[in-house]
Amino acid sequence: MPLAEIVNRLLTGQDLVKYVPQKSFLGLVGTGDGRCVASRGSLALTAPYLWDLKDWIDRKWMHDYTLGLPDMGADRPHA
């Protein structure tokens, strides 16, 4: 739930939605030497393609949170 929705619910006296964390996830850990270890639950493996997958995910995330953000009108004067 986005922070703005949480604040809106608090200010308007609405009930908050209970947070339920995911039970399993894929972990991709770069080893620093161009390799990557993947783990999910009790399984773990390493393979050359996993570094490519991690690199793609990381680059997409960075793009989405930098260049991929909408223009917020930085040249507008502050109120």
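This is a predicted model: local features need pLDDT of at least 70, side-chain atom pairs count only at pLDDT 80 or more; totals for chains, interfaces and linings use all residues.
**Salt bridges and a hairpin**

Modeller: Let's start with R59, which makes a salt bridge with D55, their closest N and O atoms sitting 3.0 Å apart. By salt bridge I mean a side-chain nitrogen of Lys or Arg within 4 Å of a carboxyl oxygen of Asp or Glu.

Colleague: OK. Where do R59 and D55 lie?

Modeller: Both are in helix 2, four residues apart, about one turn of the helix. Helices here are DSSP runs of H or I with at least four residues, strands are runs of E with at least two, and both are numbered from the N terminus.

Colleague: Is R59 buried or exposed?

Modeller: R59 is exposed, with a relative accessible area of 58%. The cut-offs: buried is under 20% relative accessible area, exposed is over 50%, and partly exposed is in between, using a 1.4 Å probe and protein chains only.

Colleague: How many salt bridges does the structure hold?

Modeller: Five. Among them is K54 with D58, where the closest N and O atoms are 2.8 Å apart. K54 and D58 are four residues apart in helix 2 (residues 48-64), so about one helical turn separates them.

Colleague: And how accessible is K54?

Modeller: K54 counts as buried, at 16% relative accessibility. D58 is partly exposed, at 36%.

Colleague: What does R9 form with E5?

Modeller: A salt bridge, with the closest N and O atoms 3.6 Å apart. R9 and E5 are four residues apart in helix 1 (residues 3-12), so they're about one helical turn from each other. R9 counts as buried at 19% relative accessibility, while E5 is partly exposed at 36%.

Colleague: Switching topic: in which sense do strand 1 and strand 2 pair?

Modeller: Antiparallel: strand 1 (residues 27-30) and strand 2 (residues 36-40) pair over four bridges. Two strands count as paired if DSSP finds at least two bridges between them.

Colleague: Which residue in strand 2 is the bridge partner of V29?

Modeller: That's V37.

Note on methods:
Residues are numbered from 1 along each chain as its sequence is written. Side-chain values use heavy atoms; hydrogens and water are left out.
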